[in-house]
Amino acid sequence: MVGAGLLAACALVGFASAFALAASAGADTGTTVTSTEPPPTTEPPPTEPPVEPPPPTPAPIAFGVTVGGVRVGGLMPERATEVVRRAFARPLVFVVSPTRKIRLQPRTLGARPNVPKAVRRARVARPGASVPLDVDVPRARVRNYIERLGKQFDVAAVDARIALDGVKPRVVQSQEGIRLKRVATSRGIWTALAHNSRSPIRLPFAVLEPKVTTAELDEAIVILRGSNRLLFFVDAKLVRWFGVATGQASYPTPLGDYEIVTLQRNPWWYPPPSGWAAESEPVPPGPGNPLGTRWMGISAPYVGIHGTPDAASIGYSASHGCIRMRIPDAEWLFRRVEVGTPVFIIAR
């Protein structure tokens, strides 16, 4: 019994001690402590701004590459662009003759090379590649330029003929002419610009043959309208001259180079379609015929050399355009000329 009571007493003491400790702990938790310090922060540490990587350095063009025939291998793109532009700006050279050349700037024709495109292609080309250079050329400007060249250098062929040297007839020899070949010249310009070539371009010409290659100087007539004289030449030598009557001021004898186109003995006179002859009737051959006994018509309309019964008019400007001669003089001349004999009428 004593043992049981002792255990009970010990248990009671332990329970009291535990109650005292619990009360002490409850008093401590009931006290509120206020602090004035800020709570700790959790911001991340500062970082450096991002740095962009440097742009890639352009690589040079592969070795052996050409653009429009210009070597750009091993060059940087910017330098290649400059080299190609400079090469394209060189003038075209046209060879007219061994002693004459013409230089033409491509910009005069409005030629525009697409250099940036060609250089871009060159940058990705294989070593040794040939890159073409695209060129824009206005066709109308090329055509107009070639026409100007043609007008400058075209030479018409010269037919052989009889001409005057002063009042003396002479033979003019025939000469070949030349004409610029427009299509071939245009093709040469296009090829040179497209291939960026500046080799001399020889201008091509076609040879023009004269229609009349020979002329023989036999008989020739020269009429001096101002002096009222007719000169007759054989082989460029004056054989004889005659006094004549030429046209009045209101019906002047026409000036120019003509030839005899008809020869008539004892001709009829027919009124020409002119106001002065409107009321006239044809006149048959005979003493009253105004053409006398001989008519040598020339290639001027309604004009000819003929005899006249009005010998008093010789030496004056008295006719309606024809060349009057004394009847014996007209008959003498008639026997010595033929169809085709040249007739020159000048103002002297």
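Which side chains does a polar contact of 3.4 Å join?

## R182 and its neighbours

They are those of R182 and E147, taking a polar contact as N or O atoms within 3.5 Å, one able to donate a hydrogen and the other to accept it. This is a predicted model, where local features need pLDDT of at least 70 and side-chain atom pairs pLDDT 80 or more, while totals for chains, interfaces and linings use all residues. Numbering starts from 1 along each chain as its sequence is written, and side-chain values use heavy atoms, with hydrogens and water left out.

You'll find R182 in helix 5, residues 182–194 (helices are DSSP runs of H or I, at least four residues, and strands are runs of E, at least two). R182 is buried at a relative accessible area of 16% (buried is under 20%, with a 1.4 Å probe and protein chains only). Leaving out residues up to four places away in sequence, R182 touches I146, E147, G150, K151 and D154, with contact meaning heavy atoms within 4.5 Å.

## The largest pocket

The largest pocket comes in at about 610 Å³. A pocket here is an open set of points on a 1 Å grid where a 1.4 Å probe fits, with protein on both sides within 12 Å along at least five of seven lines; lining residues have an atom within 4 Å of a point. The volume is the space filled by probe spheres set on the points.

Its lining splits into 17 nonpolar, 7 polar and 1 charged residues (Asp, Glu, Lys and Arg count as charged; Ala, Val, Leu, Ile, Met, Phe, Trp, Tyr, Cys and Pro as nonpolar; the others as polar).

Methods
Buried means under 20% relative accessible area, exposed over 50%, partly exposed in between (1.4 Å probe, protein chains only).
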